[in-house]
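Try each task yourself before you read the solution.

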Amino acid sequence: YGLQDIFMGVPVQIGRQGVDMVVELNLSDRELSALHNSAKSVRENIELLEPVGLLPSERLPALPLKNE
């Protein structure tokens, strides 16, 4: 979906050791735009909350997918 460094609820294939792969659906331009707008909104809210101490100052590293 072209998103990095953000958690978004998207379909995944789960295996014994966790997430095997992200299942990328064929989204319309409108749907993809809505997903990216949602991610932008989440990032903006994170940026507002971090300075006031409502979020950890250091983020945990993302876990790699099994096929990466």
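**Exercise 1. Find which pattern of helices and strands the protein follows along the sequence.**

Solution. Start with the inventory: the protein has one helix and two strands, where helices (H or I, at least four residues) and strands (E, at least two) are DSSP runs numbered from the N terminus. Then read along the sequence, and the pattern is β-β-α.

This is a predicted model, in which local features need pLDDT of at least 70, side-chain atom pairs count only at pLDDT 80 or more, and totals for chains, interfaces and linings use all residues. Residues are numbered from 1 along each chain as its sequence is written, and side-chain values use heavy atoms, leaving out hydrogens and water.

**Exercise 2. Find which element has the lowest mean pLDDT and which the highest.**

Solution. Begin with the whole protein: its average pLDDT (the predictor's confidence in each residue, from 0 to 100) is 82, and 78% of the residues score at least 70. Next, turn to the elements: strand β2 (residues 18-22) has the lowest mean, 87, while helix α1 (residues 29-49) has the highest, 91.

**Exercise 3. Decide whether Ile14 counts as buried or exposed.**

Solution. First locate Ile14: this residue lies in strand β1 (residues 12-15). Now recall the cut-offs: buried means under 20% relative accessible area, exposed over 50%, and partly exposed in between (1.4 Å probe, protein chains only). Ile14 counts as exposed because its relative accessibility is 58%. For the protein as a whole, 7% of the 68 residues count as buried.
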